[in-house]
Amino acid sequence: MAQDFAANAGASMIGKGNDQMATGPEKTAAKEKLKRLLEREGTGISWADLTMNPWIGCTKVSPACDHCYAEDLATNRLGVTWGPGAPRRRTAPGNWSKPPRWNRIAEEAGERLTVFCASLADWADNAVDDQWRADLAAMIIATPWLTWMLLTKRIGNVRAMLEAMFPDGVPDNLALGVTIANQQEADRDLPRALSVKAGLGIKRLFVSMEPLLGPVDISRYLSAIDLVIVGGESGKDARIMQLDWVRSLRDQTKEAGVPFHFKQWGEWIATAQIGFHGFERCRRVDIAPHAYLRVGVRRSGHTIDGFEHREHFQ
Ligand code: SF4
């Protein structure tokens, strides 16, 4: 059954412009409430404030899915089966009630929040009931203080799904994201993503290159891209993300004036970034012209040549 999120979320926006918002002590209390929300429920994912999974379950469709952490988590800890033919599990009503609450808190504080949808599924998975997607669309419309980052590896499904979800047009608080792991995916999926963006009037398009599995030239597409996120792989079978691939994407985005968000190196990092000292016992792999050490996600960090790149939508 479709849910009426407007009843308890977006309705609070009507007739209440920014100039009528709380001031002084009220504003301070609202900001404090927002801070507590993020401390309590915020995501560890560096490019979003919060994560919402409307459902759980998926099928692998890309080399980027090979070591899917969501599959591991869902099958081993949540009892959700994975793959073609496996039923997707809609999350509980209590989970669906969170975004309207986040929206109210964001509105009171006068600060937009970004929500990654979905970390344990793909919102454009065609194995999911269309009504679930309609319910998600209603929630996105009803929560205008949340910027919904809808990331997919199934860009071919997206145009028809968004047209069905938003017959009156895609709202501005939806950012469409596509995962690109290598050059082949870039040349296959970025033209489709750009076409969907232009055709449906989508305000923001982002590209997630995590895990980055090869050198990729995206320079010819960047004029229509609003954010590029790059990250290496984590987990026991993590593949090496080479230093020159990362530097190249940093430089391409800088040249084009597109925000660049470097999330993490992942398990492996080049010695040219971190040195050898203290890592003598780490596993080493040489891929000319660099040597790479398996130091773990926490120690590899997220700086490139000594600088942090944590930009977001302008
Ligand atoms: S699309 Fe995402 S959630 Fe689905 S299998 Fe691939 S990595 Fe996992």
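**Strands, core and domains**

Reply: Strand β1 pairs with strand β4 (residues 113–117) in the parallel sense, over two bridges. Strands are DSSP runs of E of at least two residues, and helices are runs of H or I of at least four, both numbered from the N terminus. Two strands pair if DSSP finds at least two bridges between them.

Me: What does Leu50 stand opposite in β4?

Reply: Leu50 stands opposite Val115. Residues are numbered from 1 along each chain as its sequence is written. This is a predicted model, where local features need pLDDT of at least 70, side-chain atom pairs count only at pLDDT 80 or more, and totals for chains, interfaces and linings use all residues.

Me: In what order do the seven strands of the open sheet come?

Reply: The order is β1-β4-β5-β6-β7-β8-β9, with parallel pairing. The edge strands, each pairing on one side only, are β1 (50–51) and β9 (260–264).

Me: And β8, why is it called largely enclosed?

Reply: Five of the five residues of β8 (residues 227–231) are buried, so the rest of the structure largely encloses this strand. Buried means 20 or more other C-beta atoms within 10 Å of the residue's own; exposed means 12 or fewer, partly exposed is in between, and C-beta atoms are placed from the backbone. Leu227, Ile229 and Gly231 point one way from β8, while Val228 and Val230 point the other way.

Me: Which residue in β8 is the bridge partner of Phe206?

Reply: Leu227 is the bridge partner of Phe206. Four bridges join β7 to β8, and four join β8 to β9. In β9, Phe262 is the bridge partner of Val230.

Me: Switching topic. Which residues touch the most other members of the largest nonpolar core?

Reply: Val115, Met149, Met209 and Val228 do, in a core of 85 residues. Helix α5 (residues 130–142) supplies the largest share of this core, six residues. A nonpolar core is a set of buried Ala, Val, Leu, Ile, Met, Phe, Trp, Tyr and Cys residues joined through C-beta atoms within 7 Å.

Me: How is the chain divided into domains?

Reply: Into domain 1 (1–7 + 46–209) and domain 2 (228–314); the bounds come from an automatic or database domain assignment. Their C-alpha centres lie 26 Å apart. Ten residues of domain 1 are in contact with 13 residues of domain 2, contact meaning C-beta atoms, placed from the backbone, within 7 Å. On the side of domain 1 that touches domain 2, strand β7 (residues 204–209) gives the most, with five residues.

Terms used. Contact = placed C-beta atoms within 7 Å.
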